[in-house]
Every structure is written in structure tokens, then in C-alpha cells.
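Biologist: I've got a model open on my screen and would like a quick walk through it. Could we start with a pair of helices and work outwards?

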Amino acid sequence: MADLIKLASAQIRELMLDSLGRLVASGKAPSEPLPDFRVEIPADKSHGDFAANTAMVCAKIFKSAPRKIAEMICEEIVLDGTYFDRVEIAGPGFINFFLGRRWFSEVVNTVITEKDNYGKTETGKGKKVLVEFVSANPTGPMHVGNARGGAIGDGLAEIMSWAGYDVQREFYVNDAGNQIEKFGKSLELRFMQLCSSDGKSIMDKSSSDEDICKAVYSDEDMFPMPEDAYRGVDIIEHALNYLKENGTEVAESSVEDRKKALVDYALPKNIAGLERDLKKYRIVYDNWFRESTLHSSGDVMKIVETLTEKGYTYEQEGAVWFKASQFGADKDFVLVRSNGIPTYVVPDIAYHYNKLVTRGYDKAIDILGADHHGYVPRLKAALTALGVDAAKLDVVLMQMVRLMRNGEVAKLSKRSGKAITLVTLLDEIPIDAARFFFNLREANSHFEFDLDLAVEQSSQNPVYYVQYAHARICSLISNLAEQGFTADKFSIEELNILDKPQEIELIRLLAAMPGEIDSAAKNYDPAKITKYSIDLATHFHKFYDACSVKNAETDELKKARLVLCMSVRQALKNSLGILKINCPEKM
RNA sequence: GCGCCUUUAACUCAGCUGGAUAGAGUAACUGCCUUCUAAGCAGUAAGCCAUUGGUUCGAGUCCAAUAAGGCGCGCCA
């Protein structure tokens, strides 16, 4: 798990502290506590591989010009035994360091030896993280927002795992509460519609189930549905299937019994459907956590009781309110309605309490749509009131996905039944493209999804660009192998021959992978990895064009370049693997 | 009215905790296949980083105000 960039910059830090120490000891520098300086990678390569701003931040204390301080420091620097072979003072007083050849060879060697583990770090070692994402209502199909959440959540979970965290993926199943009530009501209505004389005549006339559903769905006058009902075709399908399997017997029972029978029939099917569809999207959860378990265990009501015991609730107009404004939220909110039924927030509080306290996760990460942002401070306020460190809950807010068709906005409408679902989306565009595309931008940016472009499998889609780089390397390696040329064994010294700018840049980028993983994990931003893979592909293509492997001037160079190609293939495979995107060997 | 997010090239977006001359991809234009995959590469052109103040050695980056757009603010979830 070596991070050569980290190692090199740690060396610089040490060199700086040593030099400053000697300056202080010899009385050339004041013995005051030194300000913190930074070692960074300059954008312009002529400024060296690393730069330290030590001299600049010391200007005040030294009461001297940064460049003068830099000269004093540089006189004390001893580079022997480090990765560097040159130091330079430049600009306003930067101290620039230039890497020696050995570092580059070690990078390539590290990628090869660490193989499928190259890029992993130990940043999160010993920390348990729970990533909850999608958590779509089991009352209907998943929409495009869920598709984005799925790609981001799954990518993030994988990244956290690569950064050394102990990660679990979880889907919170809302199998209780008001939306299930509405689900039952809608199913019941559709069922009774089918049992009515109009429904029966449609069933007699129609040849297929699809026709029946369409006819019932489109006949708004004959089968009016209340405003708040779920109006998707899938509801009719469930009712129809129930009817076919169980007959009309339940029509004679009470409305409540009918609702229960239909929910018990349809809900497991829906949940299984979610699992199946997400699996197709290459998402497999460690745990499907059911909201209903929080109700049956009494955890939900215990939240209200505990908050009340602590004196954080009050009654108003028959409802129980939580004094959220005392804990940083914008306003108080209702926990228990005047009808005695808790609002949706209470099970959510219980759920997060369960994550952080009962199950003891160090971090709970939720991927939520940005329309939930107002709810986050409330949830955190409740956790704080319960004595839980609310900072352990991090929420990644996703801005809305805007679907574009023919240059116009195609509005999402879950209830109209006309929404583009996750499933239909994946029928239209390759899964590789979807997963890559949804991770192209950070979660917090408004996302414009051009359906026409995504549907058309054109080379404009950057995922092809990256996959193409991988396929090119594979074909190159196998071509050479056919000629009996391989590089299964090599020494680090043999790689020192790589010194073309394109080779150097490529290696620099290989070295950056562990840092990219850490950065993506820290910022909860999987888009950094897609960008990294594009960057890697770009630099490989440049190298490919400028440096022939097959026709290298010498066999030594040919071998070194082949090793470089092998390491790039590995890094590409690892970064696309994090996003669960395939690496074709031929295209 | 209050709160959150966004505003960088014609379009879609990067720019990590402030650092040296602002970066990609599309689209436009010009070149490069008798040589490892041209789904590629090289080059040209394109920007008052929304506006105005402030903080400091130094601001696209931090702070304040303004403008435009998106989203929230329910005894819905």
C-alpha cells in the first residue's frame, strides 16, 4: 500500500525541518515556533515535481525576504538518500524539488507488485462506515434519481472501502407508514375496479394483460383515482395478478382486509423487484433494513418517550412536538400527530440511532436527493438531543437529474406512471455508460442527462475512451506475447530507461492513484475516480502515440515500456473496477 | 419572507484545506494511419472566473452584499 507521492512529500517535510533546525541552532534563524508550511505539486512541471512554501510562510517571523530565506534553507539541504536530485528557488520564494529517476521506477514497480490492490490506502483503517443509498419507496419502480443515487452510493461505498474503511451498504426499506397505506388503498381501488362490471368487460375483450392494464389506466372517467393515489400501471398489474391467482373472493371481505391481502401480495414482489433491478445495475447490498422492524421492536415510540423524558417535547393542538430549534434546527416539528400516528421523521430518527448507537458505526453516510436538505438539520437536531454525536452522520445531497430529450426538459413524474424508470433506462443505455455517466459530475452539481446522447452508443461517451485505452493495452501485450516477448520478470533498475516526457507524465499519474482514492473518500466524491480514469486514458493514448513499444529502439526500452503498459492496464482496471465498469480486452 | 445549492470558454463541467501564466471534453478550424486498435494523437482559436466591496505577501478559491437560476420551508414522505 505504498503511496510514492506521500513518501516523497514526507521526505521534503523532513528536509525542511532539518534545515530549519540547523539554521536555528546556528543562530541564523529565530527560535520561535515556525508556521506550518505546505508541500504541493505545482501545476507547471518546470516548477519541479514538488514545491514547498516554507520560505514564504516564514517571512514574517524571520523578518526577511522569502527568497533570502529560501537561499538559507537550500544551503542546508542534503539530498543524499532521498528521491530527489535537485532543488531550486523560484518565483516569490518557492523551493522546488526535482525527482530522480529511481522514484519513477519504484512507482511502476509498486503498481505491478500490488496488482489488484494498487491504489488502496489505510486512511480509514479500523473505522466502520455505513453507506445508505437509493432506499427507494417499495411502492413503485425506481426513477432516474435513484439511478444517480445508486451509481454514486455504490461508487462511494467502494471508494471508502479502498480507502481502508470497513464499509457496509444498506437499503432502508420503507415498508411501513403512510406510503404503504396509500399503496394499499391504491391496490384496493384498482382491484375493485377490475372486479366491477366495466373492469370485467375490459378483461373479456382484451387479449393480453398489458392491454387490460392500459385500458384501465387510460380510462380516467370510468375509473377515477383520488389525487393522492399511486397511479402507476404497476399498481393495476399487481391487482390483476392477484385477481388471477386468488380470484375475487377477497372482494367480499372488508376494505381493510382487502388492503392487507393486496399489500402482503404486492410488497414482497416489489422489494424483490428492487433487489433484482439493482443487481442488474451491479449493486448488491449487505443489508436490507426494514422500517417495519423499528415499529415492531418499539424503537420508534421509544424515541418519542426518551425525548419526552428529557423534556424536549411539548404538546400543542393534540400533537407532540420536538423542540428542534433548541438543537440547531430552523423550527420545531411534529413527532406524533394528533391521531396518535408518528410522522415519518420518528422512524428515521430511530433508524439513525440504530445505525450509530445500536450498531455502533463510526460514520453513517446517507445519499439523499437535494429536496431533502431541509430535513437533515432536523434529523441531526433529534440525534443531538438523544446524546448522539450528530457529526457522525454525513449526508451527501444529490441535485436533481434533469432529463433532456430533443433539447427539451422531460419532466419526471412518479405518479403519472409515465416516468422513465431505472429499468427502462438500463434497457436503453449500456450499464457501463450509465454507471460512468452518473459519476461524471459530483453529486452536488445539477445534472443534465441528455437521453438522446446517452441512448446513442457513440464515442462521445467518455467511458468508451477509457475502455479503449484498456483494450489497446491488452491487444498490445498479447501481440508482443505472440512474438514471444514478455516482461514477467524485471528489476526496478531496468525501468530507469523510461525518460520520455510522455512516459514520465504517465508514471506521475500512476503515482497519484492512492491520493485520488483518499481525496474521493474524504470529499465523498466518486466523480474524482471517473476523472482520474479519463486522465489515465488520455496520458496513455499520448504515450502510445509518441512511444512505440513494439518498435522501440532497443529491447531494453521495449521491455521497460511493456512493463509500463502493464502497470497502466492495472491502474485502469482498478479504477474502473471501483465503479464496477467492465474493462474489455477487445473493442 | 427565511434557508440550502448553483453561477468559470459557444455548450457540459474540473480547479483538493488560498499559491507561480485559468484547465479538460464537446462543437469549430488545420495536420497525422505501407509502423503496436484513427473509438487515437498533435496543433489553432475561444475566458472582466455573475457583479461590487473586504481580508493578505497572494483570491476562481475565504468573508459580506447584490443579481440570475434550481430546491426546500406540512399533523406529506
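Predicted model: local features only at pLDDT ≥ 70, side-chain atom pairs only at ≥ 80, totals over all residues.

Biologist: Which residues of H23 make the contact with H20?

Modeller: Contact means C-beta atoms, placed from the backbone, within 7 Å. On the H20 side you'll find Glu 503, Leu 506 and Leu 510. Their counterparts on H23 are Leu 564, Ser 567, Val 568 and Ala 571.

Biologist: Why is H21 described as largely enclosed?

Modeller: A residue is buried if 20 or more other C-beta atoms lie within 10 Å of its own, exposed if 12 or fewer, and partly exposed in between, with C-beta atoms placed from the backbone. The buried residues of H21 (residues 513-522) include Met 513, Ile 517 and Ala 521, and they pack against helix H6 (144-162), H20, H22 and H23. H21 is largely enclosed by the rest of the structure because its buried residues number seven of the 10.

Biologist: Which residue follows H21 with a positive phi?

Modeller: Look just after the helix ends. The phi there is near 55°, and the residue is Tyr 524.

Biologist: Which element gives the largest share of the surface near RNA strand B?

Modeller: "Near" means a C-beta atom, placed from the backbone, within 6 Å of the strand. Elements giving two or more residues include helix H7 (178-195), strand S15 (447-450) and helix H22 (527-546). The largest share is eight residues, and it comes from H19.

Biologist: Is Glu 317 buried or exposed?

Modeller: Glu 317 is among the residues that come nearest to RNA strand B, out of the 65 around it. It is found in the loop between S8 and S9. Since Glu 317 has 7 C-beta neighbours inside 10 Å, it counts as exposed.

Biologist: What is the order of the strands in the sheet that holds S8?

Modeller: Two strands pair if DSSP finds at least two bridges between them. The sheet is open and has three strands with antiparallel pairing, in the order S8-S9-S10. Its edge strands, each pairing on one side only, are S8 (313-316) and S10 (333-336).

Biologist: Which residue of S10 is the bridge partner of Phe 322?

Modeller: Strand S9 (residues 319-322) is joined to S10 by three bridges. In S10, the partner of Phe 322 is Phe 333.

Biologist: What percentage of the residues of chain A count as buried?

Modeller: Chain A has 23 helices and 15 strands. Its C-alpha atoms fill a box of roughly 95 × 70 × 40 Å along the principal axes. Of its 587 residues, the buried share is 42%.

Key:
Residues numbered from 1 in each chain as written. Chains lettered and ligands numbered in written order. Helix = DSSP H or I, 4+ residues; strand = E, 2+ residues; numbered from the N terminus. Contact = placed C-beta atoms within 7 Å.
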